[in-house]
Each structure stands twice: as C-alpha cells, then as structure tokens.
Amino acid sequence: MKLAPQSVPYRALQKVAGIVVVLFFVVNDSGWGFPAAAGATGAVLLVAAAYEIAYYRRFEYELTEDTLDIRSGVISRREREIPYRRIQNVDVSRSVIQRAIGVAAVDLETAGGSSTEGSIRFVTPEEATRLQREVQRRKSAGSTTDAGDAPGEDTGPAEEDLFAISPRELALVGALSFDGRLIGLLAFAGSGSVPVLSGYLPAASALALSAAAVVAAGALFLVSWAIGAAVSFSNYYGFRLSRAGDELRYERGLFRRYSGSIPTEKVQTLTVSDNPAKRALGYATLSIETAGYAPGQGGEYGSEAAIPIARSGRVYELAREIESFGEPSFRRPPRRIRWRYAFRYVLLLAVLVGVAFAVDWYVAADLPWFAPAALLLAVPAAAHLKWKHRGYWLGEDHLVTRNGFWSRSVRVVPYYRIQNVIDSRSVFQRRWGVATVIADTAGTSSLVGSDAAAVDFDVEEAADLQVELGERLQRSLRDRRERGASFEWIEGGRDADVENDDVTDRDGAGHTADTTPEDGDDEAVEVPDEGVVRPDFSTTERDYSEPAERVDTGEYAVDRFPSDAEVAHRPDAEGDSGTNDAAEDGDDDPDESGDVGSAENDDGSDGSAGDDASGGSKD
C-alpha cells in the first residue's frame, strides 16, 4: 500500500521551507538580484520534489498475518517488520494544514520503547483510521483476515462512549491550569544579573520598590496562568474517551488533532491527581501509565490523560472499571514525622530570608528582607497537611499510594505489574529512622521518580512492607498462571451436577464408575463437592521414564502416563497395581490393560481392581 499522493508536495515544502526563505533573502541581498534568488529557490524546490517523488514510489507498507511491514528509503533501503503483539499504540495526528489538504500522520509506538518505532507520513484520514483499527484488531484477536480490506470497512469492535468533555469542564481545565515555564525562564535569565539590574533601579523608596515587585510578580503569574490556560484549552478541545473491546480510545486537540488507543492489558499504573482548587470544586484528573512511550503527550512519557478533568466520583468510577481496586483506607506515616517536615520548611524560610538580606545589603535598596519570616506562622499547618496527605493501602489485588498536598497523586498499581520493590533511605531519613518503599513498574515514569511510593515510614514497617509486596507479587503471578493454564479433571462433564459419589464415565455409553470401596481396593476415591479430583502421584509406583501417552476422549486429551511427577524409575517393579505396561505384556489394547486412568473398561468400572487412591481417578 502506498502513501497519499498529496503528501509529496507537502513533504517537500515541509523539509525545505526554512531553507528556501533564508536562501532567497541571502541571494537577493548579495547583489545577484531577484531573478537569481527566485531561480535558486526554485532549483531547491525541484530537487526536494524529485526526492519526495522517489520516496513516494519506494515507500510501501503491508499488513501481513503477524507483522506490519514497512519498506522505505531512496538511497539507503530500510525494511522493518513490526509484530502486532509488540505494538503499544497506533497514534494518528493531524495539524491544521494537514486537515486542510486531507492527510494524516500515523506513528507506531512499541512496548518499552522511548521513541516512535515506525512512521507512515502521510496517508488519507480514512486509511489512517483503518490502519489504527486493523492493527489493534489483529493484535487482540490474532486475525488472519486479508490485508486488503476496504478502507471504509468496520473491522473493529463497537465503541462505547465513556466520557466527553463539556464546555464547562473545558473551561475549568484552562482555568485550573498553570504553566510555570515562563517564570522558570525569567528566573534563569536573571539568576546572575543582579549586579547588572542594580544599576537600572530607580532612586525610589523601599515602599515603592516593594510595591513594584509585587505588581511585577502578579503580572508574571497572570501571564503564566494565561499561557497554561491556552495550552490546556488547545490540547483538550473536543476530548472524547470510548471503549472498544480491550482498549480505550481517545481523541483530542484543536490545532493539532490526536487520536489513539490505550490497551488495557498494557496498563501499569492509574493516577488520580488533583490540587487544592480542584478538590475545593470536587474535580480530579485520571492518567493512565502504560509500558511504552505515550505519543502526543509532550514530556509526559508513558502517561496518557484518560480524563483531563471531571467530578471526582466519575473519575474514580472509571478508574475502577479499568482496575477494580476497591475503596482504599490509607495508613499514614508516624505522627512524629511532622516535625521533620516542619524542620525542612524552617530551613527553606531561613534560606529565603538570607537571600533577601544579601540582596538588600548588595543593592542597598532598604528592602524589608525579613518579610519571608512571617511565613513561619504557616509552618505547623503545612507540615500537618503534608503528613495527612501521605500514606499507602494494601488491597486484595492492588497497592494504592497517596502523596502530595499542592499536587496530590493517588497511584494504583496491580501487584502483578510490580517489577521491583525498592527500600530507599536518604541521609536525613536515616537520622529520623524512616524509609521509603517504592513499587517500580515497567512504565517509564520511574525515570523521573514518580512511581508509587510509601514515603517516610518506620524502618521496621518499611521492611515488612517490602517483604509483603514481594510475597503478594509472587502470589499474584501464580494466580494468573493458574487461571491462564490449569489442569483439572472434572468428573461427569462441565455441566454435570455432582450430588453423590457416583460419577459418569466419559465413554459415551452412560456407564457409571462407583467410587464405593470394593474388594481389593485400598481406599475409595473421594470426590469433593465441586466434582474436582486432583491426582496425587506421590505414592504411585508407575514407570515414568517413558513419555506420556495421550488418550483422545472426544472432548479433550489427557495423559495416560503422566510424566511430570518426581518419581524414581523402577524397572524391576513387577506385579504392582495398575502397572500393566503394554510394552511389557505385549498387550497394545488400552481397554484391556487395566491401566490407571483408562478411558473405559468392559464392565464400566473405573480402572481395575488394582486401582488405588493415588491413581484411581482419571489422570
């Protein structure tokens, strides 16, 4: 399959637009005149167009049975085969210009990757949507459908709308957003410029300078708030979240439109975040961290906003639909740790007072350098709130942690997603006898230290928590393996109602196998109420050195000679009950051999008289 034809001029202009503008002005101003400048820019455009035409002719992609194949390159040929199972997300984006000319960019992200694995730039919007849906369908169902399906055909599961942002919520997203990059940029630019700025300060009173500083700080915060509001409004305009099968799909964006999916089986951590303003209004944000790179999220690698803002109850309701983690009851750090937080805030205020004093002494502006000391009154409340909003909770299947007051995050991690449990203790934590337990996952948030963490707990409790998380991780993994591949013998069929000790044999003749003790039986086979008999091979004397023989019962296959028990090889065992091997007595008929677990006998009984408690049930 090929790219969209209109992508050729767009790609050419996209690559050389900046070069063409600079070249035109340089040639025109150098004395060559307008004709030479126009000829030079025209030549560059022709070369770019020729290259893009060759790129268009040599670029191909194909949906095979197991992989998405991409072949590209003009001078250096490159072929990539991306297995469907490794594809984390197929992200489709369209800028304003791309929407105008009718093209879309498709980016393929793989699990664990830190960048785009493959890009298809550019195809029609219909083909981009088809690729997105078809890749996810083949990945989930292992479909072998022909790759040449019509672009408009509905190849995926039906979508169920979960959330669509309202105008009120979009306004709140902007109103409650704040972009501090401008403040950081100005702080960096002015970090070493105090001596320079001091010469431009007007000869005014300290009161006037203080008032001017307050007005400048207010204006700076107002501009930062306006920038944050505009960015958030642009990012989340038209946000929509839906469920289709085992994935969540989202669409968002005003100037650049994004659409993508969040596979639920790749979810590592759920994060419900808020701040004092959101909490006061009853709103929160839900983010989903996956195992790979999150496209279109800027610096928030591995994290995608499932809900930018909504009522807290609605956010937790959707979070529980993805991971059923119950209602957490957090365990807080020890109360004495509030003194640690208070001490840290006092040190911070001391630094601020020292900086203000140094500025006042150097600039000689007679500033009220002692003003930050007034914040000491807020230290006890700040320390208490920091302690109050920290904690952890061990649910049945999930670890839930909470940290932060100004920016509070509640993180939900399934036990089976934990990769490593880390006991971290800083120098200051060791002095207070506390530690931090971090549940590291496969998500990339660990690179910036935003994993789920139980912070500032007693050393003994932290050690116990580390051990408990390790045990729950192993137990969760075992449970998942058992649910995925378990072997159980169900007497009487899947739908049979076992109400007594008689169970129906699976010979299709309606014979029954009575488990009542008979002459020659050492012990009767006890059938539990649920009708599940798990064989015990610990006392059997069968020769397990030979591979297991399979018996097809018509519904499923079972092992006549299970070879997975740790039983020593005993070639000299003769006359043992139930060990009439066909290789020894020359009898190749399994119906007459009397072997334990025989599918059927002539008299309809379960096995021969040598049937014992360990092997009397069907293996």
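**Note on selected residues of the predicted model**

1. Ser7 counts as buried, at 1% relative accessibility (buried is under 20% relative accessible area, exposed over 50%, partly exposed in between, with a 1.4 Å probe and protein chains only). Ser7 belongs to helix 1, residues 7-58 (helices are DSSP runs of H or I with at least four residues, strands runs of E with at least two, numbered from the N terminus). A polar atom of the Ser7 side chain lies 2.5 Å from the backbone oxygen of Ala4.

2. This is a predicted model, in which local features need pLDDT of at least 70 and side-chain atom pairs count only at pLDDT 80 or more, while totals for chains, interfaces and linings use all residues. Residues are numbered from 1 along each chain as its sequence is written, and side-chain values use heavy atoms, with hydrogens and water left out.

3. Two backbone features deserve a check. The peptide bond from Arg121 to Phe122 is cis, with omega near 15 degrees; Phe122 sits in strand 6 (residues 118-123). Asp456, not a glycine, has a positive phi of about 65 degrees. Asp456 is in strand 19 (residues 452-458) and is buried, with a relative accessible area of 1%.

4. Leu375 lies in the loop between helix 10 (337-363) and helix 11 (379-388). Leu375 is partly exposed, at 48% relative accessible area. Its C-alpha atom is separated by 9.1 Å from that of Val346, 29 residues apart along the chain.

5. Asp397 is in the loop between strand 14 (391-394) and strand 15 (398-403). Asp397 is partly exposed, with a relative accessible area of 44%.

Conventions:
Polar contact = N/O pair within 3.5 Å; in protein donor to acceptor, adjacent residues only side chain to side chain.
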